[in-house]
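Open the model in your viewer and keep the selection panel at hand. Each stop below says what to select and what is there.

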Amino acid sequence: MQRSDHPLESPGLTSELRQAVASRTSWVSAWVNLVLGAGQIVVGVFAHSQGLIADGLHSLSDLVADFVVLFANKHSHKAADDDHQYGHARFENAASLALGVILLVVAAGMLWGAVGKIQNHELIPKVHAIALWIAVIAIVTKESLFRYMLREAKRVNSSMLVANAWHARSDAASSVVVLVGVAGNLAGYPVLDPLAAVIVAVVVGRMGWSFSWDALNDLMDRALPLDDVHKIRQALETTPGVLDVHDLRTRKMGDQALVDAHLEVAPRISVSEGHHIAVLARQAVLAHFPVLDVQIHIDPREQTESIDPRLPAREQVLGVLASALTQLSPCDWDITLHYVDGRLSVALQLAAEGATVDEIALRTYLNTTLGVPVDLTVWRREPVTHPVQ
């Protein structure tokens with residue numbers, strides 16, 4: 001999930017801010033690409049420059065990409081619904097995949113046209129000098145657009161916007177190649193212009209493959225990088241009450257992630273205390289990492305690896321005890337069960353006043369009737385005292 005230009009720690013970002021930045025940068029990029037792409041194609045046709053035409057088509061492909069980003073930005077921030085209970089954040093991953101496919105298609109078209117020109121290099125006309133100046137303008141414009149978009153993408157921690165920014169950088173690099181090709185044509189080497197178009201096509205295709213492959217892996221629930229997982233594990237392990245963390249799993253969800261973890265806690269704490277520990281652990285992750293949700297499973301720390309599946313459920317234990325404690329009213333006793341180290345522990349709580357039970361006989365009865373080892377403890381609740389008026 002994390003790149004060198006894409007920091008992990010950005011928990012304070014709001015969905016509204018991310019959406020606003022994505023919309024603004026995409027519209028800026030769209031207008032720049034529309035004007036620049038149209039100008040490059042028109043001048044390229046006039047100046048007989050295959051490289052400049054290819055670069056113009058590249059710019060217009062960016063215009064399509066910008067609208068893909070705008071569409072994804074609108075839909076990825078929708079709230080969860082019955083059909084998408086984890087939200088719509090993966091629209092961003094789908095948009096990155098679409099961007100990559102667009103680049104691959106554009107690259108194939110440019111490559112086809114440029115190779116055809118090279119095969120008939122004797123028919124390549126001399127390029128007009130104006131193409132050289134348009135190439136310089138394109139380089140400056142695209143590099144400026146890249147720096148602006150990357151700064152905003154890093155500010156809101158959006159991989160989709162990072163992809164679009166680097167797309168603009170690839171345009172600037174391709175314009176440099178076009179500049180060399182046009183200059184070579186003017187210097188008497190006409191084949192350099194369509195050769196520049198081939199190089200542009202290869203650069204565009206490489207970027208398209210990179211974005212497509214990354215997005216496809218994210219859509220297939222790719223885990224976060226090991227360094228990010230290690231930081232999340234540390235946040236869980238340092239939560240008060242957590243003894244160990246295992247089965248920690250992560251998966252991408254747009255520019256955020258879903259986290260699942262099993263936490264080991266003391267085996268005889270109450271359900272409410274275990275829940276409280278889980279809440280603290282979840283908050284520790286959500287407060288410091290771009291994580292959409294954390295699913296916590298609480299496990300008791302045990303010396304053996306698993307609990308015997310033959311151990312009876314609470315309802316069965318209650319039924320056996322009810323048949324043994326006929327001298328007590330149901331409201332005069334209750335139990336707490338612990339399933340630890342392959343054994344069943346029963347803590348029988350009696351009312352403050354009332355009949356007693358034979359602990360040894362009752363333990364023997366439970367072991368015999370339930371057919372499993374049972375540890376029994378019996379204690380009487382403290383009587384409720386009322387303050388003197």
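Select Leu 104, Trp 209, Trp 213, Leu 216 and Met 220. Together they form a nonpolar patch on the surface, with about 530 Å² of accessible area. A patch takes residues with over 30% relative accessible area and no salt bridge; nonpolar side chains (Val, Leu, Ile, Met, Phe, Trp, Tyr) are joined within 5 Å, like charges within 9 Å. Areas come from the Shrake-Rupley method with a 1.4 Å probe, and for residues only the protein chains shown count as cover.

This is a predicted model: local features need pLDDT of at least 70, side-chain atom pairs count only at pLDDT 80 or more, and totals for chains, interfaces and linings use all residues. Residues are numbered from 1 along each chain as its sequence is written, and side-chain values use heavy atoms, with hydrogens and water left out.

Now colour helix α6, residues 192–219. This helix gives the most to the nonpolar patch, with three residues. Helices (H or I, at least four residues) and strands (E, at least two) are DSSP runs, numbered from the N terminus.

Stay on α6 and show Trp 209 and Trp 213. Both lie in this helix, four residues apart, about one turn. How many aromatic pairs does the count come to? It comes to one. The ring centres of Trp 209 and Trp 213 are 5.8 Å apart and their planes are at 15°, so the pair is stacked. The rule: rings of Phe, Tyr and Trp (its six-membered ring) pair if their centres lie within 6.5 Å; planes under 30 degrees apart are stacked, over 60 edge-to-face, the rest tilted.

Are these two side chains buried or exposed? Trp 209 counts as exposed, at 53% relative accessibility. Trp 213 is partly exposed, at 45%. Buried means under 20% relative accessible area, exposed over 50%, and partly exposed in between (1.4 Å probe, protein chains only).

Next, select Asp 214 and Arg 222. They form a salt bridge, with the closest N and O atoms 3.8 Å apart. The term requires a side-chain nitrogen of Lys or Arg within 4 Å of a carboxyl oxygen of Asp or Glu. The count comes to 10 salt bridges. Asp 214 is partly exposed at 33% relative accessibility, and Arg 222 is partly exposed at 31%.

Move to the sheet. Three strands form an open sheet in the order β1-β2-β3, with mixed pairing. Two strands pair if DSSP finds at least two bridges between them. The edge strands are β1 (244–253) and β3 (291–300), each pairing on one side only. Strand β2 covers residues 256–265 and pairs with β1 in the antiparallel sense over eight bridges. Zoom in on Arg 251: it stands opposite Leu 258 in β2.

Glu 264 lies in β2 and Arg 301 in the loop between β3 and α9 (314–324), so the pair ties together parts that are 37 residues apart in sequence. Glu 264 counts as buried at 18% relative accessibility; Arg 301 is partly exposed at 36%.

Now pick Asp 375 and Arg 343. This salt bridge spans 2.8 Å, N to O. Asp 375 lies in β6 (residues 374–380) and Arg 343 in β5 (residues 343–350), so parts that are 32 residues apart in sequence are tied together.

Last stop: Arg 24, Arg 151 and Glu 152, linked in a network of salt bridges.
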